[in-house]
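Welcome! Here is a short briefing to read alongside your structure viewer.

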Amino acid sequence: MPELPEVEHTRAKLARCGVVPGATFARVVTTDARIVRPLTPRAFARGLEGRRVERLERRGKWLRIALDEKRLFVHLGMTGWFHEAEAESVRFERVRFELRRGARRHALVYVDPRRWGRMILAEDDIEAWTSLGPDPLADGIDVERIVTRLAKRKKQSIKEALMDQSVLAGVGNIQAIEALWRAQIDPRSRAAAVDARAMRAVARGLRWTIERTLADLAENELGSDSPFRIYGHKGEPCPRCGTRLERFELGGRTTTMCPGCQRRLA
């Protein structure tokens, strides 16, 4: 699933493709009721056409396009992405946008094979946006504030807590795995056992893995096959200590870690 770096990369790409202040949605075409629910495809298109873009923002895994009278929220789901439109429709195309700014015109398509993405056109901010916690890239990481929140999570693991979008917006399975490896902390450690010193290490790990992923996406539009140090490398030697990497389920998600150099906190 796209996490913070992938969605930030998408935000920058949309800006390059014409979703900028002053641009107008000239035409919108979709027949996919699942992607644009609860509106019908026709109501979604009519609600967007003629609207002027004021801001393009990202928070966590969500994009928000502030319009002159409405707001369009976009979540990429598992397999959604945007690219500049071709004359003919493309496979798995779900929504087509034509934007105009002065004499310039841009065409974009939203492609989503599994159709797990969402586009919500609303009058005001939606709960999924307002309930998000601090964004590590946009807001930074307030270590003391997060430690105070973690102290109340007696039974939850640190990895599960990091993936809670109300704690840190945009951190998903991959970024949590990589950050905890960098911080040398066992992902099964209790969230309440993470003190300020350990959380500072996690914060450094998150900045490190987010920056690495963004750099990889900048070089390769879809990202390289495996830009990560331990995610997807089960059974291989740890890049730091050489111990064989292990993989297991934690909170319903596949987790990779090094049993040699990631310590478990009390």
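This is a predicted model: local features need pLDDT of at least 70, side-chain atom pairs count only at pLDDT 80 or more; totals for chains, interfaces and linings use all residues.

**Helix H7 against helix H8**

- Helix H7 spans residues 173–183 and helix H8 spans residues 196–219; their axes lie 8 Å apart, at an angle of about 125°.
- That angle makes H7 oblique to H8, and the crossing of the two is right-handed.
- On the H7 side, the contact is made by Gln175, Glu178, Ala179, Leu180, Trp181, Arg182 and Ala183.
- H8 contributes Ala201, Val202, Gly205, Leu206, Trp208, Thr209, Ile210 and Thr213 to this contact.
- By type, the residues in the contact of H7 with H8 are 9 nonpolar, 4 polar and 2 charged.
- In the loop between H7 and H8 you will find Gln184, whose phi is positive, near 60°, although Gln184 is a residue other than glycine.
- Gln184 is partly exposed, with a relative accessible area of 34%.

- Helix H5 covers residues 143–150, and Val143, Ile146, Val147 and Leu150 in it are buried.
- These four cover an arc of only 100° around the axis, so they sit on the same side of H5.
- An α-helix has 3.6 residues a turn, so residues three or four places apart point the same way.
- The buried residues of H5 pack against helix H6 (158–163) and H8.
- H5 and H8 cross at roughly 115°, with axes that come within 9 Å, and the crossing is right-handed.
- Val143, Glu144, Ile146, Val147 and Leu150 of H5 meet Ala196, Met199, Arg200 and Ala203 of H8.
- The contact of H5 with H8 has 7 nonpolar residues, no polar ones and 2 charged ones.

- The peptide bond from Arg37 to Pro38 is cis, with omega near 10°.
- Pro38 belongs to the loop between helix H2 (33–36) and helix H3 (41–48).
- Arg115 is not a glycine, yet it has a positive phi of about 60°.
- Look for Arg115 in the loop between strand E7 (104–111) and strand E8 (118–122); its relative accessibility is 27%, so it counts as partly exposed.

**Thr130 and Ser166**

- Thr130 lies in helix H4 (residues 127–130) and is exposed, with a relative accessible area of 51%.
- Thr130 and Ser166 are 36 residues apart in sequence, and their C-alpha atoms are 9.5 Å apart in space.

Notes. Residues are numbered from 1 along each chain as its sequence is written. Side-chain values use heavy atoms; hydrogens and water are left out. Axes are lines fitted to C-alpha atoms, for helices over the stretch in contact, and angles run from 0 to 180 degrees between N-to-C directions. Angles under 35 degrees count as roughly parallel, over 145 as roughly antiparallel, 65 to 115 as roughly perpendicular and the rest as oblique. A crossing is left-handed if the near helix is turned anticlockwise from the far one by less than a right angle, and right-handed if clockwise. Contact means heavy atoms within 4.5 Å. Ala, Val, Leu, Ile, Met, Phe, Trp, Tyr, Cys and Pro count as nonpolar, Asp, Glu, Lys and Arg as charged, and the others, Gly among them, as polar. Buried means under 20% relative accessible area, exposed over 50%, partly exposed in between (1.4 Å probe, protein chains only). The arc is that of the directions from the helix axis to the C-beta atoms.
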